[in-house]
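Work through each task before reading its solution.

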Amino acid sequence: MFYNEYSKEKLQEELEGLYKEYNKIKESGISLDMSRGKPGPDQLDLSMDMLDVFNSESDLKASNGFDCRNYGVLDGIPEAKKMMADIMECNPENVIIGGNASLNLMYDAISRAYTHGIMGETPWCKLDKVKWLCPVPGYDRHFGITEHFGIEMINIPLKEDGPDMDMIEELVSKDASIKGIWCVPKYENPTGLSYSDEVVKRMAALKPAAKDFRIFWDNAYAIHHLYDEEEKQDTILNIIDECKKAGNEDMVYEFASTSKVTFPGSGIAAIASSVANVDEIKKRMSVQTIGFDKMNQLRHVKYFKNAEGVKKHMAKHAAKLRPKFEAVLKMLDAELDGYGIATWTKPNGGYFISFDVMEGCAKKVVNMCKEAGMVLTGAGAPFPYGIDPKDSNIRIAPSYPSPEELIDASKILIVCTKIAAIEKLLE
Ligand code: PLP
């Protein structure tokens, strides 16, 4: 029965029981962290062999004979470009290998547009207003970058199959100050859902008023499935191909990295785009650096051999992550289904579950969890300016704690969600 069908007395009674449970948890001195989408230590262990790829005797030459120990090769060694191109399903000529993190490449792309403009258009710093579309809930660090540059962010509701395309088409076609959109097309952070073919096609066929409008296609979870069975793996259309077909070849920058493949912060990152964009980026990048860490590029390729090798490795991550997601989902299904006070996503991949509590309750739930010893991502964080207009979304990051800890964590979340909902209903 839904809580809103309970009598006041019954709700009071339920609340008393829940508070008893909550206080017991609080007294137990539990300490859990579900705030960030970090791989667990057991996942990091999976890549330790990569450190044995080189020793002082190793030949550190790339496939083209280039000595990776030295300066040079701005856009990455050929085999790393090929491996990342295969992961992003494009050609090596479309790829630049960057440094240790894709977020850095995204920041730099906006920074370049800001100071120097894109393909001869006015640098954004010289414009009165720059606006950006932000599908929500989304990745807090994306919004952090656009906020940092003083870009006005516009919330775009996310549906089951991607962002509201009617709204996006309307906005970009009329307003030349809208210069971009953040997209996490596969296993979105935090919903874990993926864009449908229709959404990708409509995105690629946009007719923006701004010539320098760019889709920031952050394919951070391109190969991060939770299941080995193909029917349980999401697939998305290739945005670079679709943009080309729609005559919008230059409209997209795609990003990916090996952060959640090997070691976050010590992996390799890549940007992919049209040859014209790649040329422009390389020209500007050549002022910034002589070249990124080629030894790490070589280490990654020697370890994995190719994209197939990476995908095989990802199945090992899936085996570690799957029980964690399933532990949380099982608890939510068993303890929260049928009360009408929360909904949650059931992703096939990625690092997050998106959990929506009753409107006006998310902050309270997160605070109560914290007081009971469990840290969650701050309520509102998955929204521009940290403001969730409905105060209902909570990001669950199950990757770091153990499955046993996740059972405890889910219990706390469930109790707090119920308490907040009942107190709201009793207001
Ligand atoms: N993009 C998304 C959508 C993410 O969720 C994350 C990390 O959580 C990143 C990018 C960070 O990637 P990188 O380590 O390559 O900067």
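**Exercise 1.** Describe how helix α3 packs against helix α10.

Solution. Helix α3 covers residues 78-88 and helix α10 residues 294-304; helices (H or I, at least four residues) and strands (E, at least two) are DSSP runs, numbered from the N terminus. The two pack at an angle of about 60 degrees, and their axes are 9 Å apart. Axes are lines fitted to C-alpha atoms, for helices over the stretch in contact, and angles run from 0 to 180 degrees between N-to-C directions.

Next, the handedness: α3 passes α10 in a left-handed crossing. A crossing is left-handed if the near helix is turned anticlockwise from the far one by less than a right angle, and right-handed if clockwise.

Then the contact: E79, A80 and M83 of α3 meet Q297, H300, V301 and F304 of α10, where contact requires C-beta atoms, placed from the backbone, within 7 Å. By class there are four nonpolar, two polar and one charged residues. Ala, Val, Leu, Ile, Met, Phe, Trp, Tyr, Cys and Pro count as nonpolar, Asp, Glu, Lys and Arg as charged, and the others, Gly among them, as polar.

The model is predicted: local features need pLDDT of at least 70, side-chain atom pairs count only at pLDDT 80 or more, and totals for chains, interfaces and linings use all residues. Residues are numbered from 1 along each chain as its sequence is written.

**Exercise 2.** Describe the packing of α11 and α13.

Solution. Helix α11 (residues 307-336) packs on helix α13 (residues 403-426) at about 30 degrees, with the axes 9 Å apart. The contact residues divide into ten nonpolar, two polar and three charged.

**Exercise 3.** In what order do the strands of the open three-stranded sheet lie, and why does one side of β10 lack a neighbour?

Solution. The order is β10-β11-β13, with antiparallel pairing; strands pair if DSSP finds at least two bridges between them. β10 (342-344) and β13 (393-396) are edge strands with a single partner each, so one side of each has no neighbour in the sheet. β11 (residues 353-357) and β13 share four bridges, and I353 has I396 as its bridge partner in β13.

**Exercise 4.** Which residues come nearest the ligand?

Solution. Among 13 residues around the ligand, the nearest are A101, S102, L103, S257 and S259; a residue is near if its C-beta atom, placed from the backbone, lies within 6 Å. The shell has seven nonpolar, five polar and one charged residues.

Note on methods:
Two residues are in contact if their C-beta atoms, placed from the backbone, lie within 7 Å.
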